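I opened the model and kept notes as I went. The entries follow in the order of my look-ups.

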Amino acid sequence: MSEGLLDSFRIRDEPYYLAVADEVRLFEAAYAARLPVMLKGPTGCGKTRFVQYMAWRLRRPLITVACNEEMSASDLLGRYLLDGGATRWQDGPLTIAARLGAICYLDEVVEARQDTLVVIHPVTDDRRLLSLPAKSEALQAHADFHLVVSHNPGYQSAVKDLKPSTKQRFGAIEFDYPARALEVEIVIHETGLSEELAERLVSIAEAARRLKGHGLDEGISTRMLVHAGSLITRGIEVEAACRMALVQPLTDDPELVLALQASVRACL
Amino acid sequence: MTSNSSEGAQAELPRAPERFVRALWGFELRVAPLPTPTNQALARRPRFVGKRLWLPASPLVGVPGSFNDYLFAACAHISAHLRFGAPRFEVKSLKPAQIAIISLLEDARVERLATAQYPGLQRLWAPYHQARAEGAKTSSSLLGRLARALHDEAYLDDDEWVNKGRQLFLQGHRRWHDTNLCRELGGVLGNDLGQMRVQFNAKDYVVQPAYRDDNVGLWLFEHESSADGTPFESEAVRRIESDQAPKQGERGAKTNPARHGSASEPASAVQSAATSEPASVTRHAEWDYVIQRERPAFCSVRDRPIAPGDAARVASTLARYAAVRKRLERSALRLADRRPLQVRRLLDGDRLDLSASIAALVAGRSAAQPDPRVYRRLRFLLEPPALLLLLDLSESLNARAPRGSSTLLELAESASSLLATSLASLSSDFAIHGFSSNGRHDVGYCRFKDFDAPYDEHARARLAGMRAQLSTRLGTALRHAGQALATRKARRKLLLVVTDGEPSDVDVHDPEYLLFDAKQATTGNRRLGVTSFCIGLEANAQKSVHRIFGAGNYTLVDQLESLPSRLAEVYLRLSA
């Protein structure tokens, strides 16, 4: 049964990922050393895609948890459920990964409350032990188990940060938007746009990124460029596609919308 | 209630063009509205000097398209000068016509370089090139046609001079990065124009198309030679200087009849006088308890400049309060954490607490007493309020605290810097202002730290430059502060007032008058959604602050040395 469960988390086809620097080598080494990895970087720059790619490359199942405020320790570890006249223990995603040997990916980890995250502490140091107090079990993590978390240090305030005791358990890889040539290549691959058009989309993104901190919290991400590109390949006019996928999602400030649209027109 | 004469004739420019330039090139411009020219007949053009920009604040006559597009076009053009332009050309012995032609070529050159990077700019500028190959061949029409010919390769012209200009410019395309190119070509074309006997009148010359700047920023005019120089350059220099000169001088010279009027003067006279006040004066009403009526626009508040002091001194006195500061910072951090709290195991709540429900069911099945607390609830904390700390900076603050070596002023300064330091890392939604008055026409208002401004070295230097002088017209200051606070977006608005006694001023002899007025101002602020709280600096302040702010809305600090920590405590208590 456990193999069947894990199978559903396996990534069968190679996800498209274009290495920006030596992140693949770093991740492989961290995996070999079973050093938990933290991926830092702005939204939409390819952190999740990278994890998927690495899970595929290392042939490990990938269990992803999108973290949020309401998440409690039992949402990660597991809980007792009623089953007919009796109770039954249901493993949470982190416990499944630790028991069966998968990569557990906690996306946007700072969104979880700090007291919840403390449960990962024993499994992220050399003990590799997951303690399940409700079940009175200390689970020795599977040899293949690996923990990866992601967070975006950009827009969180001082109050939304990880505890130092949590942070220091990880090795961190910093991500940023890819360099121009790579980003063009990614947009072409993901959308099938012509090189010229992809170049122009990337110019628009570069222009918007200059407004970060000058009205914008985040610039246009690679993901948004792919969105715009896929609208264009479905026959939407370039300017309308950019408006829908790049400008409007980014800001509600009418002055910024005007400035961004003027930049879009200047780039096309 | 007030007439705010700072809303003058100049409309505000949208901020979008500045952002557009930052997006394109990554640098910041400082944009200001172009002053209305004295000579109405002369068409207005944008102007830049360095990274300062002046743009028309209203649409120009005869310019097509939307005003926003015009501003974008103008900013794109000027930013191309800044990005690709040469250091400013020297005028030397050039004739006005040559200056105009060289500028025109330079305009085309930087635009070409900018369009190479942002091809869409071509379309942004195109609608403004309206010159056509027809009509009399005056210098203005020829220059307009040359501008269009250089911009638009599809444009056809029958004039030899225009075609020669285009040919020379296009032939030189390998040298478009060379800033000397335009000077060379412009010299040639200028001579040709002279030999064609086409008159060039620098006084009437207006740059075409309309989005382009008036070329002042391209040239280095020698101040000394401007007297005998061409009218073209002397006009430019004169206009820049008159634009930039602050209007300080006018303020003193104007005698305002309202200032010398009696208290019973009709309101209409005050209103009309208000319109001629200089920009930075705000007028507020005052409550007269004798007639039980408000005197409209009765008191004038003006911003007082602050001579900066030694910022390092503020930092060093802060060290004394390290313990308080730490506690304050921790509490402020807790305050800023706006994440909802999960409250579990409740008898009553919005949703089931799953683990508690299961535990209860399990207990039921195993014949134990189930715990009925199976609900949970999200508790949302209040956001911290927008804060304005208003300091009474009247002469009496120079007194020493009874048992200490510090003056009240120094304590007020430490208290504000302590609060500011602790809050600064979390929010900039707080301001520290101070006031002192010299009669109703001169209520001085100092902004040590304003809303949204960073609490930085400059703000600290301003705090260190705090001076205590003159009197306390509290009501007017309360109105002024309350209105500043009322514009903030935060749901709660807190006005913290630090004062050392009852209000007084040189032109008021009835002690009750200002007291009633301050009470009225507090009531008015409450109507604006502003909560006031007062910290009285002396035991004998009780009677007056009690009357002004009401029971429970003030606290008295008897041990004056503890003012900084008391202020912090009050803030925390009121914002939790």
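**Notebook: chain B**

I started with B:Tyr513, which sits in helix 17 (residues 511-527) of chain B. Helices here are DSSP runs of H or I with at least four residues, strands are runs of E with at least two, and both are numbered from the N terminus. The model is predicted: local features need pLDDT of at least 70, side-chain atom pairs count only at pLDDT 80 or more, and totals for chains, interfaces and linings use all residues. Residues are numbered from 1 along each chain as its sequence is written, while chains are lettered from A and ligands numbered from 1 in the order written.

The cut-offs are 20 or more for buried, 12 or fewer for exposed, and partly exposed in between, with C-beta atoms placed from the backbone.

I then checked contacts (C-beta atoms, placed from the backbone, within 7 Å). Beyond neighbours within four places in sequence, B:Tyr513 touches B:Tyr289 and B:Val508. B:Asp288 is 225 residues away in sequence, yet 6.6 Å away C-alpha to C-alpha.

Next, I looked at a sheet in chain B. Three strands form an open antiparallel sheet, ordered 9-11-10. Strands 9 (341-346) and 10 (351-352) each have a single partner, so one side of each lacks a neighbour in the sheet. Strand 9 pairs with strand 11 (residues 375-379) over 4 bridges; pairing requires at least two DSSP bridges. B:Gln342 is opposite B:Leu378 of strand 11.

Last, I checked helix 14 (residues 408-424) of chain B. I noted 15 of its 17 residues as buried, so the rest of the structure largely encloses helix 14.

Notes: Contact = placed C-beta atoms within 7 Å. Expected span 1.5 Å × (residues − 1). Buried ≥ 20, exposed ≤ 12 C-beta atoms within 10 Å, placed from the backbone.
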